[in-house]
Amino acid sequence: MDLDDSDFYGDEDTTESLQRRVAEFNPSDWLRNQNASRARPPQQANFAGEASQFHNPYAGVPYAWQLTEKVDDFLARLPPLTTEQSEQVPWIFICNPYIPRADKRQSDSELLKGNQDEAPVEEGSKLEWVVQGGIERLQMLQDVHRMLQEAGKSPSFIQREMNKQRKKAGLDVLHLAHAGKVRTGKWLLFCPPAEVNETWAILAHATANNELGIAAKVAPRPQSDDPRRDRLICVYTADFHDKADVGRVLQRLRELRLVESKGRVLYYKPDIYTYVGIAHGNPWGLAASIYSSRDVF
C-alpha cells in the first residue's frame, strides 16, 4: 500500500500533514529555499620545487601531507602504525594535488563537530544546509514508523511499508547532497596493523600521483582501543553519483592488489551519510553504503 492511499497513520489532520511532507519533499527545492573535466596529467614524483602549481586544501595542517615535502618524507613523519591518535592527530591525510578543493580552514565542515576530517569539500558547497535538510528528512522517516506502530498495524505490514519509505528517504538525502554540492564519498578499506604502513604507502603515492581520487586518509594508532584492531583507510572520490569515476578508482585499487587479495568486500559510503549519522546499525534501518566491490560499474 502506498502512503498516499492509506489512512492508518493517525487522525485525519496528522495523516494528511505527514503525507504532504513526505510527498512534497524535494531536495532541490529545499536547498533553494534555504539559500533564499577531470583531466589526468602525467605523474610527478616530487612537488616540493613546484608547489605553487598544485593544490593542497590541507596546507599547514600538521597531520596532512604538505606540497613542500616528498611523499616518502611524509610517510616517515606520520607512520600510521606508531603515530598515536589524538585531538591533534585525529587522522592522517593526503590530498590529490591535481584537483582543487576548498581550503580546509575555510570549509564549513569544521562547524560540524566530529566530522571535520571527511573529504575536502568543493567550492560552493552548502554543507550545513544539506546536513540540516538530511536530518529533517530522516526525522520524517522516523515519524512515519512511529505512526504506523501507533496505528497497531501488523509487523509484516509495517516492514513492507517501511522498506518503501526507507528507499525514498535514502534517495532524497542523496539528491539533496548532490544539489548542495556535498558529493564526495569514499571506498572503505580495513587492514591489520602489521600491514597498515605498507598499504598506506601504496595509497599515498597513488593519490599524490593522481591515480585514485581526490584524497585519502588512514586511522592512526588508537590510544584506548585494541591496538591489534584493523585500521580504517578511506579513499575519497569527488562525486558519489559519478559511477564511472567510482568504478575507475575501484579498478585501480584492484590493480594495486588492495581488493580481492585482501579477501574482503569493499564498501563505498557517501560523505553525507557520515554527516547525518547513517552508520551500521543506524536507527532508520538504512544501508550504510551505496556500492560494493561486487558491483559492476
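Start by selecting R264. This residue is partly exposed, because its relative accessible area is 43%. Keep in mind as you go that the model is predicted. The side chains of R264 and D230 form a salt bridge, 2.5 Å from N to O. R264 sits in the loop between helix 7 and strand 5 (267–270), and D230 in the loop between strand 3 and strand 4, so this pair ties together parts that are 34 residues apart in sequence.

**Next stop: R252**

Select R252. Is R252 buried, partly exposed or exposed? R252 has a relative accessible area of 22%, so it counts as partly exposed. Now show E211. The side chains of E211 and R252 meet in a salt bridge of 2.7 Å, N to O. The two come from distant parts of the chain: E211 is in the loop between helix 6 and strand 3, R252 is in helix 7, and they are 41 residues apart. E211 counts as buried because its relative accessibility is 13%, and the cut-off for buried is under 20%.

A salt bridge of 3.0 Å, N to O, joins the side chains of R252 and E255. These two are three residues apart in helix 7, so about one helical turn separates them. E255 is partly exposed, at a relative accessible area of 47%. Elsewhere, salt bridges with shared partners link E118, K186, K217 and D271 into one network. The count for the model comes to 15 salt bridges. Why do such pairs form? Side chains of opposite charge can pair when their charged atoms come close.

**Next stop: K217**

Pick K217 from that network. You will find K217 in strand 3 (residues 215–218). K217 counts as buried, because its relative accessibility is 2%. Which side chains make polar contacts with K217? One is E118, in a polar contact of 3.4 Å. Another is Y236, at 3.2 Å. Now show what else surrounds K217. Beyond four places in sequence, its contacts include W91, I92, F93, D117, W200, L232, I233 and C234.

**Next stop: helix 6**

Select residues 193–208, which make up helix 6. How far apart are the end C-alpha atoms of helix 6? They are 23 Å apart. At 1.5 Å a residue, the 16 residues should span 22 Å, so the two values agree.

Colour the buried residues of helix 6. Among them are P193, V196, T199, W200, L203 and T207. Now show what covers them. The cover includes helix 3 (71–77), strand 1 (92–95), strand 2 (185–191), strand 3, strand 4 (231–237) and helix 7 (243–255). Then step just past the end of helix 6 to N210. N210 has a positive phi of about 65 degrees.

**Last stop: P80**

Select P80, in the loop between helix 3 and strand 1. With a relative accessible area of 1%, P80 is buried. Draw a line from P80 to R221. The two are 141 residues apart in sequence, yet their C-alpha atoms are 6.2 Å apart in space. P80 also touches R221. Leaving out residues up to four places away, other residues it touches include I92, V196, N197, W200 and V218.

Conventions. Residues numbered from 1 in each chain as written. Predicted model: local features only at pLDDT ≥ 70, side-chain atom pairs only at ≥ 80, totals over all residues. Heavy atoms only, no water. Helix = DSSP H or I, 4+ residues; strand = E, 2+ residues; numbered from the N terminus. Buried < 20%, exposed > 50% of the residue type's maximum accessible area, 1.4 Å probe, protein only. Polar contact = N/O pair within 3.5 Å; in protein donor to acceptor, adjacent residues only side chain to side chain. Contact = heavy atoms within 4.5 Å. Expected span 1.5 Å × (residues − 1). Salt bridge = Lys/Arg side-chain N within 4 Å of Asp/Glu carboxyl O.
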